[in-house]
Amino acid sequence: MLYQTPSGKVPLPTKQGHIFFTCTDIECCRDWRTTEIRDPTAEVLLSQYPTAEMALNGKNAVVTGAVMGIGKAITEILLQNGAKVALLDYGEDKVFFMNCDVESEEDIKAGLKKAAETFGGIDILCNNAGILNEGLWEKMVSINLMGIIKGSYLALEHMNKLTGGRGGVIVNTASMAGIGPLPSCPVYTAVKHGVVGFTRAMAAASTLSGYGIRFNVLCPAFVQTDLFSNIPKKLGRFSELCLETQQLVEHFGVLDVSEVAEALLELVTDETKNGQVLLVLPTDEDGKGGNSYISFPTYVQ
Ligand SMILES: NC(=O)c1ccc[n+]([C@@H]2O[C@H](COP(=O)([O-])OP(=O)(O)OC[C@H]3O[C@@H](n4cnc5c(N)ncnc54)[C@H](O)[C@@H]3O)[C@@H](O)[C@H]2O)c1
Ligand SMILES: CC/C=C\C[C@H](O)/C=C/C=C/C=C/C=C/[C@@H](O)[C@@H](O)C/C=C\CCC(=O)O
């Protein structure tokens, strides 16, 4: 159902769609009947939701690690472009819509099932949940790599065209440390390289087998989030390399989460992108840096 707003026609927001509006002019809202729409605590502004013809209208998305940092920014940009979004995260006071620890296959399975049932299918999965802690390296392997593998495999059950799904796109969050080494974080580097390799192989498997799913991977440099705080405490036995890490941060600069979300949107909406590795770097005053697709050596034509 479409509703006329000052900015054009938009679908009626539903609680399931997690799309809420703030509008201070009650007159222009006279056709809007639900309390959610007038909720003053709403986060998505009407002006950010301008037209019914948005790139992701009718698309259903699932985001892991969605309640803060990059995942929150990803969630917001998907909503602003018309998608419905299920937020999967963990932690007692941070659960928004589904409590989901990506280390647990049962949790992911339940989250995806709920999203598919609530929305009527899944078109987009952002495997984004992750931690940085070289001192707890086994946990980092479990969350940052195994969590992405579990999420991708379980999502295939809903999205794979060969098993009744309608295809779609899976974007995994790796890191610039998935392309080159971050010396203070060898295990983080290893798992992020793993995420890049897994994503590229899945893209090729999907093409060869006809899953109808595109697989792409985001590789941001340093981003201003909680993960990027108290770094010395997160380096474990490599804490003596803190200064070198700080120098890298000064060299590359620090991204805002919105810049990462913009890059994610490109990977989701551009249907020519499959198996792509998108490096997201701050742009400096001389115009150096910015986003670039990484080329890898090819051994098979
Ligand atoms: N911040 C950076 O500098 C940076 C740079 C490149 C890549 N990344 C990657 O981006 C992703 C998001 O990181 P961020 O910087 O937004 O971190 P963040 O700490 O701000 O947010 C991470 C989110 O993931 C959730 N999460 C952690 N473990 C989870 C689990 N087991 N199950 C479910 N949810 C879990 C947290 O609750 C939190 O909401 C991570 O994969 C990270 O490695 C971060
Ligand atoms: C302390 C860690 C904080 C946050 C983790 C987050 O994922 C950020 C990671 C940043 C990674 C930096 C990696 C640096 C790698 C370099 O060694 C180099 O090999 C990078 C490779 C390609 C860069 C291309 C370029 O220089 O433009």
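A: Let us begin with burial: a residue is buried if 20 or more other C-beta atoms (placed from the backbone) lie within 10 Å of its own, exposed if 12 or fewer, and partly exposed in between. The model is a predicted one, in which local features need pLDDT of at least 70 and side-chain atom pairs count only at pLDDT 80 or more, while totals for chains, interfaces and linings use all residues. Residues are numbered from 1 along each chain as its sequence is written, and chains are lettered from A and ligands numbered from 1 in the order in which they are written.

Q: What share of the contacts join residues at least 24 apart?

A: If we take the contacts in the protein between residues at least 6 apart in sequence, 66% of them join residues at least 24 apart; two residues are in contact if their C-beta atoms lie within 7 Å.

Q: Now N230: is that residue buried or exposed?

A: N230 counts as exposed, because there are 10 C-beta neighbours inside 10 Å. Its place in the chain is the loop between β8 and α5 (231-234).

Q: And what is the phi of N230?

A: N230 has a positive phi of about 50°, although N230 is not a glycine. For background, most residues other than glycine have a negative phi.

Q: What covers the buried residues of α7, then?

A: For α7 the cover includes α1 and the strands β6 (124-127), β7, β8, β9 and β10 (289-293). The residues being covered there are V257, E259, V260, A261, A263, L264, L267 and V268, which are buried. S258 also has its place in helix α7, but S258 counts as exposed because there are 12 C-beta neighbours inside 10 Å. S258 and I70 are 188 residues apart in sequence, while their C-alpha atoms are 7.8 Å apart in space.

Q: What does F238 look like, buried or exposed?

A: F238 counts as buried, because there are 20 C-beta neighbours inside 10 Å, and F238 is found in the loop between α5 and α6 (242-252). Leaving aside neighbours within four places in sequence, F238 is in contact with E134, S184 and C185. F238 and G135 lie 103 residues apart in sequence, and 9.0 Å apart from C-alpha to C-alpha.

Q: Where is G147 found?

A: G147 is part of helix α3, and G147 counts as buried because there are 29 C-beta neighbours inside 10 Å. Not counting residues up to four places away in sequence, G147 touches V102, E103, A129 and S142. As for E244, which is 97 residues from G147 along the chain, the C-alpha atoms of the two are separated by 29 Å.

Q: Switching to ligands, which residues are closest to ligand 1?

A: Ligand 1 is surrounded by 30 residues, and the closest are G65, G69, G130, T225 and L227; a residue is near a molecule if its C-beta atom lies within 6 Å of that molecule. Both α1 (69-80) and α3 supply at least two residues of this shell, and α1 gives the most, with 3 residues.

Q: How do the residues around ligand 1 divide?

A: They divide into 14 nonpolar, 11 polar and 5 charged, with Ala, Val, Leu, Ile, Met, Phe, Trp, Tyr, Cys and Pro counted as nonpolar, Asp, Glu, Lys and Arg as charged, and the others, Gly among them, as polar.

Q: And how many charged residues are around ligand 2?

A: The shell around ligand 2 has no charged residues, with 12 nonpolar and 3 polar. Of the 15 residues around ligand 2, those that come nearest are S175, M176, A177, G180 and L182.

Note on methods:
Helix = DSSP H or I, 4+ residues; strand = E, 2+ residues; numbered from the N terminus.
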